[in-house]
Amino acid sequence: MNADRRKTLLISDLHLDPSAPGIARQFVDFLRGEARAARALYILGDLFEAWLGDDDPAPAVRSIVAELRALHDAGVPTYFMHGNRDFLIGSRFAAETGCTLLEDGTVVDLHGERVLLMHGDVLCTGDTSYQRLRRILRNPLTLFLLRHLSLESRRKLGRKLRAGSQMHVGATAAEIMDVTPAEIVASLRQARVSTLVHGHTHRPAIHSLDVDGKPARRIVLGDWYTQGSVLEWRDDGVELRTLGR
Ligand code: MN
């Protein structure tokens, strides 16, 4: 299936938000345009700036759900991995969009190569207070409780969390919020692969590494704040591209 489609596309960190409709427009153009010809689309988290729950009736959210569904119905398998912003995305979103939810740290086959996919926040182990918060928020009991709060309570809580996050980001050194190099090597070793793709840091690049004497690479997807960022994977290689706006 889809063997005649020559490229797989990977994106992350669009941070879709009603306050920035230009990003949503660019994403819709992308979904209706080049994504239609893709073998598959992988979204590695933080598609949304915030996700209150799959029951959020906001028109901006519903239209993106419908656009993802249209891509799925056009025959393009779409995979979604949670980011730290949209970790509340659940099974209803998956059913409505047709997206397959992937666990953070899943190994997939891309054009014959086994590749480790992550959002990237778990790699930032230097930021201990964030990792502590993450463990609490991603605990199944917390997720259960959050999903059973009223939409209004989730809205209030989301605002508080984002305000706290902004204060934390403002007060934390840039290198602490970047990935920990040893964590990259450990992840590649554990997954027994030589390529890792992640987002989250908003520092798009293809880094060459050495893991136990063998060449490896870490591909970092960019954010969509001022332009789009897409990793295109073909049989003959990869290309990290920007989409102008
Ligand atoms: Mn993130």
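**Fold, cores and metal site of the predicted model**

Arginine 134 sits in helix H4 (residues 128-137), where helices (H or I, at least four residues) and strands (E, at least two) are DSSP runs numbered from the N terminus. With a relative accessibility of 14%, arginine 134 counts as buried; buried stands for under 20% relative accessible area, exposed for over 50%, and partly exposed for values in between (1.4 Å probe, protein chains only). Leaving aside residues up to four places away in sequence, arginine 134 touches Asp104, Asp121 and Val122, a contact being heavy atoms within 4.5 Å.

The model is predicted, so local features need pLDDT of at least 70 and side-chain atom pairs count only at pLDDT 80 or more, while totals for chains, interfaces and linings use all residues. Residues are numbered from 1 along each chain as its sequence is written, and side-chain values use heavy atoms, with hydrogens and water left out.

Turning to the chain as a whole, its secondary structure comes to seven helices and eleven strands. The radius of gyration of the protein chain is 18 Å, which agrees with the value near 18 Å for a compact globule of 245 residues; this radius is taken over C-alpha atoms, and the globule rule is 2.2 Å times the number of residues to the power 0.38. Along the principal axes, the C-alpha atoms fill a box of roughly 50 × 40 × 35 Å. Buried residues make up 47% of the 245 residues. Of the contacts with a separation of 6 or more, 67% join residues 24 or more positions apart.

The strands can be taken sheet by sheet. An open sheet of six strands runs in the order E4-E3-E2-E1-E10-E11, with mixed pairing; two strands pair if DSSP finds at least two bridges between them. Its edge strands are E4 (100-102) and E11 (237-243), each pairing on one side only. Neighbouring strands of this sheet are turned by 25° against each other on average, direction ignored, with axes being lines fitted to C-alpha atoms (for helices over the stretch in contact) and angles running from 0 to 180 degrees between N-to-C directions. Within the sheet, E2 and E3 pair in the parallel sense over three bridges, and tyrosine 42 has tyrosine 79 in E3 as its bridge partner.

An open sheet of five strands has the order E5-E6-E7-E9-E8, again with mixed pairing. Here the edges are E5 (106-110) and E8 (205-211), each of which pairs on one side only, and the twist averages 30° from one strand to the next. Five bridges join E5 to E6 (residues 113-117) in the antiparallel sense, with valine 107 opposite leucine 116. These two strands form a hairpin with two residues between them, and histidine 111 in the turn has a positive phi of about 50°. E6 and E7 (residues 195-198) run parallel and are joined by two bridges, with leucine 117 standing opposite valine 197.

Next come the nonpolar cores, each a set of buried Ala, Val, Leu, Ile, Met, Phe, Trp, Tyr and Cys residues joined through side-chain atoms within 4.5 Å. The largest holds 34 residues, of which Ile11, Phe27, Phe30, Leu47, Leu68 and Trp224 touch the most other members. Two or more residues each come from strand E1 (8-11), helix H1 (21-32), strand E2 (40-43), helix H2 (59-73) and helix H5 (140-147). Beyond four places in sequence, the contacts of isoleucine 11 include Phe27, Phe30, Leu41, Ile43, Trp224 and Val230. Apart from this core lies another, of 15 residues, among them Ala40, Leu117, Leu221 and Trp233.

Finally, the manganese ion has as protein donors Asp46 (OD), Asn84 (OD1), His119 (NE2) and His200 (ND1), lying 2.0 to 2.2 Å from it. Donors are N, O and S atoms within 2.8 Å of the metal (3.2 Å for Na, K and Ca), and sites may look incomplete because water is not among the atoms. In sequence, the donor residues are spaced D-x37-N-x34-H-x80-H. Aspartate 46, in the loop between E2 and H2, and asparagine 84, in the loop between E3 (78-81) and H3 (91-97), are 38 residues apart and link distant parts of the chain. Aspartate 46 is buried, at a relative accessible area of 2%.
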